[in-house]
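Here is a short briefing on a protein model. Look at the structure first, then work through the points by topic.

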Amino acid sequence: MENTEKIQRMRNNARVWIYQSNRELSATETEQIELQLEDFIQTWTAHNQQLLASGFINYNRFIVLMVDESNAGASGCSIDKSVHFIQSIEKQFSINLFDRMNIAYKLDYKVESISASDFEKLILSGLVNSETIVFNNLVNNKLELATNWELPIAKSWHANYFAKALAVSLNV
């Protein structure tokens, strides 16, 4: 079954974990990671039960893991397995997938990422504003992934975090 079909078959409350790379992955890296991701998904279990899971890479930057817990729930041990898998990807490809203060945003339809302090400078310079699309990697399930992952800053948690810079950039 193709990955897209697996995702579509999952319920809207399927759990989601998003790991954002600190840089864009090459086409070759994306292909290699997708193969490893498929192998991992095929063997991912919780208490010896196969998880109904899917994984994919989006924008050559985000690794998304999804588990439909209607048959078997992701346990602490199974989540640990996924974290160890992601850590192995980090090492193999010399990327950082756990820096939650690496902000991803769209600039001219291209996804970029930058440290929070440098992102604040972009806001103050006017290159980024409250309508700039950012990625909310804190979404919890498939429905939130579809509706609340890519949002204008004004509608994301980023608005609170960067409130002072946004206010200064708007001369408020």
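Phe 135 and Trp 149 are both buried in this predicted model. Their ring centres lie 5.0 Å apart, and their planes meet at 65°, so the pair is edge-to-face. Phe 135 sits in strand 8, while Trp 149 is in the loop between helix 5 and strand 9. The pair links distant parts of the chain, 14 residues apart.

**Other aromatic rings**
- The structure holds 14 aromatic pairs.
- Tyr 161 and Phe 162 form an edge-to-face pair, because their planes are at 80° and their ring centres 4.9 Å apart.
- Tyr 161 counts as partly exposed, at 46% relative accessibility.
- Phe 162 counts as buried, at 1% relative accessibility.
- Ring pairs join Tyr 105, Phe 119, Trp 157, Tyr 161 and Phe 162 into a cluster.

**Helix 4**
- Helix 4 covers residues 116-125, and Ala 116, Phe 119, Leu 122 and Ile 123 are buried there.
- Seen down the helix axis, these buried residues fall within an arc of 110°, so they line one face of helix 4.
- An α-helix has 3.6 residues a turn, so residues three or four places apart point the same way.
- The cover over the buried residues of helix 4 includes strands 6, 7 and 8, along with helices 6 and 7.
- Gly 126 follows helix 4 and has a positive phi, near 90°.

**Lys 142**
- Lys 142 belongs to helix 5, which spans residues 142-148.
- Lys 142 is buried, yet has no salt bridge.
- Lys 142 touches several residues, including Ile 7, Met 10, Arg 11 and Met 66.

Conventions:
Residues numbered from 1 in each chain as written. Predicted model: local features only at pLDDT ≥ 70, side-chain atom pairs only at ≥ 80, totals over all residues. Heavy atoms only, no water. Buried < 20%, exposed > 50% of the residue type's maximum accessible area, 1.4 Å probe, protein only. Helix = DSSP H or I, 4+ residues; strand = E, 2+ residues; numbered from the N terminus. Arc of directions from axis to C-beta. Contact = heavy atoms within 4.5 Å. Lys, Arg positive; Asp, Glu negative; His and termini not counted. Salt bridge = Lys/Arg side-chain N within 4 Å of Asp/Glu carboxyl O. Phe/Tyr/Trp six-rings, centres within 6.5 Å; stacked < 30°, edge-to-face > 60°.
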